[in-house]
Amino acid sequence: MNGKNLFKYFLAIVITVGALYLAFRGQDFNAIGKELSNTSLWAISLSVLFQICAHFVRGWRWQFLLRPIKEKTSLWIAFKAVMAGYAMNNVIPRSGELIRPAMASVQEKMPFAGTLATIIVERIFDVIALGALFVFSLFSFEKEFRSSFPDLSGAAIPLLVVISAGLIIFVAIFISKTVSGFFLGLIHKIFPQKIAQPIARAFETFTAGLHGLRRNTALPIMLGTIGVWSCYLASTYFGLYALPGSGIEDIGFKGAVVLLSLAGVAITIPTPGGTGTYHYFISQALILFFGIPASKAIAFATVTHAANYIVITVVGLIFMFSAGISLKGAKKNTTVAEPSITSADIHPGELP
């Protein structure tokens with residue numbers, strides 16, 4: 001293990017421990033344990049089920065992103081690769097971004113570089129969806145965000161502008177190679193050559209994969225994105241009933257949107273499956289936004305995180321090991337794979 005990776009793992013551990021400390025400091029563990037003993041299995045089961053459904057829909061959407069590389073792919077393989085990726089993210093932050101394309105490329109016999117590029121494209125759609133939910137939450141609970149998360153509350157307008165601008169640029173690049181060529185030239189003009197080259201390679205990988213998308217795949221990808229986040233929202237909503245009588249179930253649909261938005265932010269921080277960051281953001285939102293007692297809020301964050309974490313990790317790792325995939329092998333692929341996909345990786349008849 002090199003020094004860079006060692007530092008990343010150390011940083012992830014520090015953030016995880018620090019966030020858990022902030023979430024649990026000064027809490028009555030006996031009271032938390034008492035709340036956990038009242039957990040509703042049906043509510044937690046539904047919450048986990050919709051999480052798995054979200055990953056299944058994500059696999060379905062991914063098939064359309066993979067079409068420029070391979071016309072027909074297996075939904076079952078795509079689903080297993082998605083689950084394996086999330087399982088590894090629960091163990092080692094960001095490692096799932098290698099495991100997932102590695103597993104798909106091996107089982108579907110596709111080039112790793114092209115498969116990896118589709119993950120980059122997919123993330124754009126997810127960032128837009130999460131950003132929209134987050135902006136909705138910020139405007140719906142502006143006062144609460146301002147008092148509880150002042151740094152986040154100040155991001156409402158800038159975030160809305162960035163999302164809008166990003167969406168416009170994204171659509172422009174999707175429609176025209178001329179636009180993507182303009183931005184590529186801009187990268188070389190703005191940055192020094194040593195910095196510009198890796199950025200340009202990453203940009204070319206992204207745009208080549210994006211230009212490979214056929215126009216008739218745009219609607220399924222958009223519907224898939226809506227489906228993925230609808231399942232996440234359903235999972236969050238049914239999770240509200242995990243602790244009967246806690247009062248959390250009363251925060252309703254709008255409250256579920258807020259929790260989902262904050263959970264999305266928590267997951268983006270490099271900790272194993274949002275451990276610690278999820279507990280802190282969710283419990284603080286319940287306490288400060290909705291007046292839920294601390295022991296109930298912490299218990300809710302603990303049980304909803306643990307249920308999804310355990311099931312996704314166990315099932316995903318089973319899929320990964322049964323496919324003969326390892327993190328070491330996935331990392332090896334990144335060193336032998338092409339630095340970017342080219343027109344040769346894209347089937348004819350794609351976007352002009």
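First, the ground rules. Residues are numbered from 1 along each chain as its sequence is written, and side-chain values use heavy atoms, with hydrogens and water left out. As the model is predicted, local features need pLDDT of at least 70 and side-chain atom pairs count only at pLDDT 80 or more, while totals for chains, interfaces and linings use all residues.

The structure holds 10 salt bridges. By that I mean a side-chain nitrogen of Lys or Arg within 4 Å of a carboxyl oxygen of Asp or Glu.

Take aspartate 126 and arginine 61, whose side chains form a salt bridge at 3.2 Å, N to O. Aspartate 126 is in helix α6 (residues 112-140) and arginine 61 is in helix α3 (residues 41-66), so this pair ties together parts 65 residues apart in sequence. Helices here are DSSP runs of H or I, at least four residues, numbered from the N terminus.

Are these two residues buried or exposed? Both aspartate 126 and arginine 61 are buried. Buried means under 20% relative accessible area, exposed over 50%, and partly exposed in between, with a 1.4 Å probe and protein chains only.

Now arginine 123. Its side chain meets that of glutamate 122 in a salt bridge at 2.9 Å, N to O. Glutamate 122 has 0% relative accessibility and counts as buried, whereas arginine 123, at 26%, counts as partly exposed.

Arginine 123 also pairs with aspartate 126, at 3.6 Å, N to O. These two are 3 residues apart in helix α6, so about one helical turn separates them. Through shared partners, salt bridges join Arg58, Arg61, Glu97, Arg100, Glu122, Arg123 and Asp126 into one network.
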